[in-house]
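Me: I am new to this structure and would like to go through its packing step by step. Please show it first.

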Amino acid sequence: MPMKKISNQTIAIYIFGVFLLIGLNSCDQSPSKAQSVAAEHTPPPSTSSSNSNITMRSSEGIPQEDVVKIATECTHIDFTFHELPISMNQSEKSAIIGDLSYISPETVSEIPGDCKPLARKVYWGPKGVIIEADIYFSQDCLYFVFIRNEERLFANRMNQNGITFYSGVLSQVQGGAKQ
């Protein structure tokens, strides 16, 4: 089946929509049921002595160029959950754009050492990995840490839509485990 070419105008509309959603979502920072699900998935305190904070290479968040590259070139996203019996893949362009909308414009220069990532996601393009991100999703640890060549480059907070999405994923896993 031949691949459908996406016009530059369509891509520009997607990107504009992503940034519009990011901007709108950063306005509502009220706690919700979704954040309580995140609190339920807070890992126990680490018993190791390596609880030092994780410092990003840059205090800036993910650059707009990387967001545009993901929006225009990403063919699918693979998710690997570290302590859950699931993995996930998103390959629809609308899902990839939706994933970008979970990134808050609020940046983070350090991740507390007691925060542990829930999952790693890999943004794939036709030439290989575009960028990777660790997903932090627990009480007071709601971040995306963007990684290239195993170097933590940038971190952004997760917005309310991201919290709702990952809460839904975790709820489905819990529901499946109870059956």
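Me: Which residues have the most contacts inside the largest nonpolar core?
Reply: The model is a predicted one. Its largest nonpolar core has 31 residues. Those with the most contacts inside this core are Ile70, Tyr123, Phe137 and Phe146.

Me: Which element gives the most to this core?
Reply: Helices H3, H4 and H5 are among the elements that each supply at least two residues of the core. Strands E2, E6, E7, E8 and E9 each supply at least two as well. The element that gives the most, with 5 residues, is E7.

Me: Is H3 roughly parallel or antiparallel to H4?
Reply: Helix H3 covers residues 64–73 and helix H4 covers residues 93–100. Their axes are 9 Å apart, and the helices pack at an angle of about 165°. Angles over 145 degrees count as roughly antiparallel. H3 is therefore, relative to H4, roughly antiparallel.

Me: How many nonpolar residues does the contact of H3 with H4 have?
Reply: From H3, Val67, Ile70, Ala71, Thr72 and Glu73 take part. They meet Lys93, Ile96, Ile97 and Leu100 in H4. By class, this contact has 2 charged residues, 1 polar residue and, as for nonpolar residues, 6.

Me: What is the handedness of the crossing where H3 passes H4?
Reply: The two helices pack with their axes 9 Å apart. The crossing in which H3 passes H4 is right-handed.

Technical notes
Residues are numbered from 1 along each chain as its sequence is written. This is a predicted model: local features need pLDDT of at least 70, side-chain atom pairs count only at pLDDT 80 or more; totals for chains, interfaces and linings use all residues. Side-chain values use heavy atoms; hydrogens and water are left out. Axes are lines fitted to C-alpha atoms, for helices over the stretch in contact, and angles run from 0 to 180 degrees between N-to-C directions. Helices (H or I, at least four residues) and strands (E, at least two) are DSSP runs, numbered from the N terminus. Angles under 35 degrees count as roughly parallel, over 145 as roughly antiparallel, 65 to 115 as roughly perpendicular and the rest as oblique. A crossing is left-handed if the near helix is turned anticlockwise from the far one by less than a right angle, and right-handed if clockwise. Contact means heavy atoms within 4.5 Å. Ala, Val, Leu, Ile, Met, Phe, Trp, Tyr, Cys and Pro count as nonpolar, Asp, Glu, Lys and Arg as charged, and the others, Gly among them, as polar. A nonpolar core is a set of buried Ala, Val, Leu, Ile, Met, Phe, Trp, Tyr and Cys residues joined through side-chain atoms within 4.5 Å. Buried means under 20% relative accessible area, exposed over 50%, partly exposed in between (1.4 Å probe, protein chains only).
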